[in-house]
Amino acid sequence: VQLQASGGGLVQAGGSLRLSCAASGSIFSINVMGWYRQAPGNQRELVATMTNSGITNYSNSVKGRFTISRENAKNTVYMQMNSLKPEDTAVYYCNAEVLNKEYVRSNYWGQGTLVTVSS
């Protein structure tokens with residue numbers, strides 16, 4: 001299973017970006033998909049997750065500004081990021097809890113996409 005993330009970039013404070021992450025490979029189903037981020041010198045932290053039934057979980061720091069969504073048929077997760085702040089600058093990683101076609105459940109990470117918010 002591979003996760004391919006895209007959509008990062010450089011944006012001014014107050015701007016918007018949309019991240020995408022598509023999972024491919026031996027996939028039977030994906031329970032949870034989500035986004036984490038890691039800023040320089042910091043640990044990786046949860047940003048937002050979404051179950052395949054639509055239940056979401058957001059970090060308090062992004063509530064009301066970021067929106068996570070999924071296209072289950074495409075094994076893809078998105079995150080619309082609005083009102084970006086310099087403190088949102090980080091490498092963003094997508095994550096998926098995958099049940100493969102052999103019914104083995106594993107956790108996978110994407111390669112990371114850099115989001116830089118200038119002040």
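Trainee: Tyr 103: buried or exposed?
Mentor: Tyr 103 is exposed, at 56% relative accessible area (buried is under 20%, exposed over 50%, partly exposed in between, with a 1.4 Å probe and protein chains only). The model is predicted: local features need pLDDT of at least 70, side-chain atom pairs 80 or more, while totals for chains, interfaces and linings use all residues. Numbering starts from 1 along each chain as its sequence is written, and side-chain values use heavy atoms, without hydrogens or water.

Trainee: How many aromatic pairs are there?
Mentor: Two (centres within 6.5 Å; planes under 30 degrees are stacked, over 60 edge-to-face, the rest tilted).

Trainee: What does Tyr 103 pair with?
Mentor: Phe 28. Their centres are 5.1 Å apart and their planes at 65 degrees, so the pair is edge-to-face. Phe 28 lies in the loop between β3 and β4, and Tyr 103 in the loop between β9 and β10, so the pair ties together parts 75 residues apart in sequence. Strands are DSSP runs of E, at least two residues, numbered from the N terminus.

Trainee: And the other pair, which residues?
Mentor: Tyr 36 and Trp 109. Centres are 5.1 Å apart and planes at 70 degrees, so this pair is edge-to-face. Tyr 36 is in β4 and Trp 109 in β10, so parts 73 residues apart in sequence are tied together.

Trainee: How exposed is Trp 109?
Mentor: Partly exposed, with a relative accessible area of 38%.

Trainee: New topic. How many residues are in the largest nonpolar core?
Mentor: It has 29 (buried Ala, Val, Leu, Ile, Met, Phe, Trp, Tyr and Cys, joined through side-chain atoms within 4.5 Å). Trp 35 and Met 79 are among those with the most contacts inside it.

Trainee: Which element gives the largest share?
Mentor: β9, with five residues.

Notes. Helix = DSSP H or I, 4+ residues; strand = E, 2+ residues; numbered from the N terminus. Phe/Tyr/Trp six-rings, centres within 6.5 Å; stacked < 30°, edge-to-face > 60°.
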